[in-house]
Amino acid sequence: MRYDRQWSFHNPVKIIFGPGRIGDLAALAPYERGVLFTSPGFTARGLTDKVAALFSGCRLEIIDDVRPNPDITAIEAYQDRLQEQGIQFVVGVGGGSVLDTAKALSYLLGEGGSGFSLRDHFYGKASLPAYRPLPLITVPTTAGTGSEVTPFATVWDMAKQKKHSLARPDLFPDAALLDPELTLTLPREVTVTTALDVLSHALESVWNHNANPVTVGLAARAIDIFLSTLPGLLDEPQNLGYRSKMLTASLYGGLAISSTRTALAHSISYPVTAVLGAPHGLACGFTLPALLEFNREGDEDGRLDAAAAMAGYDSAGALAEKIRAVFTGAGVGDLMAKYEMTGENILELAPEMFTPERAGNNLRAPDFQDLEKILSASAL
Ligand SMILES: [Fe+2]
């Protein structure tokens, strides 16, 4: 990897980590009126009430119907419901969809944002005005999205099967509170697919034109932790040590992409999620070994080998082999079968997979034949 070049890194999110730290949440938001976004599952596990009870001196609006892959229609409904309520801060407690929803609403409910149409923005009729979003605290319950430390939010328009990205430098959350105890009860499938997102963020930030020595260092740590932790974590899902490690890897991956953004694996994933319903991490993760091999050929400064070495592997090729072995052990093939990620189904989606702002970040630019080869090597 070349160190003799210009780069910058900026991430202003205050990070609070550790078992039991959820108890510190209310102190981060010393206001009288706020909104908590979470998922139906979090409420079903009895956790929403516990979190809400922390805000004893505050009127807290609770929205616990955030669904996977937040849709523009749902975001607009939340905006309508909340914009006259004098909301002073936003908390998101959940996976990537919840955190992205909270992030979008912190922007839409910000000072001066009243009536702004995100839909108009996504379809080119309105640019994003610069104003201060509401204070935002992100609490991830998966490991994970990394969204707790990034200034991006993914918003879907499922009616058009299109994915949009809300991205602004002022969308960084004010604080991210990572409590690994919140991840202890995740079911196996969610544990695997969200962990695949961790590895996706790490690798995508390395084979990325925006990579720099800080992001590669973070990514290498995330890769190392992912590979050395996932097998044990799946054997012992209640092990707080493993859960803490994977949440740390998720944080590292999030910090890396907060600077680089993502690349081709994410670009490939969007139609796989929109059409086949595959969870985000699985849709990103299934191509990673093939993409690692593909990007090695465009890796003029040797950063993939360098990242592999930092993660404890002899070469990027050895790393790809290890990733394949860990995927097999984690049952990634079974999950792909569940979502019908066959060669036929996946290749049909190939024309939709070039999202310019994602694929354009990729170290080696693929043509359509390259893409088909990567997909053929990766699909069932
Ligand atoms: Fe992702």
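A: Let's start with helix α3 (residues 72-82), where I72, A74, I75, Y78 and Q79 are buried. Buried means that 20 or more other C-beta atoms lie within 10 Å of a residue's own; exposed means 12 or fewer, partly exposed is in between, and the C-beta atoms are placed from the backbone. Helices (H or I, at least four residues) and strands (E, at least two) are DSSP runs, numbered from the N terminus. Before going on: this is a predicted model, where local features need pLDDT of at least 70, side-chain atom pairs count only at pLDDT 80 or more, and totals for chains, interfaces and linings use all residues. Residues are numbered from 1 along each chain as its sequence is written.

An α-helix has 3.6 residues a turn, so residues three or four places apart point the same way. On the other side of α3, T73 and D80 are exposed. And what covers the buried side? The cover includes β3 (59-63), α4 (96-108), α5 (118-122) and β6 (152-157).

Now zoom out. The chain is split into domain 1 (14-181) and domain 2 (188-378), with bounds that come from an automatic or database domain assignment. Taken over C-alpha atoms, the centres of domain 1 and domain 2 are 25 Å apart. Across the divide, 22 residues of domain 1 are in contact with 23 residues of domain 2, contact meaning C-beta atoms, placed from the backbone, within 7 Å.

Next up is the largest nonpolar core, which has 114 residues; A202, A219, A222, I223 and F226 have the most contacts inside it. A nonpolar core is a set of buried Ala, Val, Leu, Ile, Met, Phe, Trp, Tyr and Cys residues joined through C-beta atoms within 7 Å. Helix α7 (residues 213-235) gives the most to this core, ten residues, and the core draws at least three residues from each of domain 1 and domain 2. Take F226: leaving aside neighbours within four places in sequence, F226 is in contact with A195, V198, L199, A202 and A249.

One last stop is V192, in helix α6 (residues 188-206). V192 counts as buried because 23 other C-beta atoms lie within 10 Å. Not counting residues up to four places away in sequence, V192 touches A330, G331 and L335. V192 and L335 are 143 residues apart in sequence, yet 9.3 Å apart in space, C-alpha to C-alpha.

Notes:
Two residues are in contact if their C-beta atoms, placed from the backbone, lie within 7 Å.
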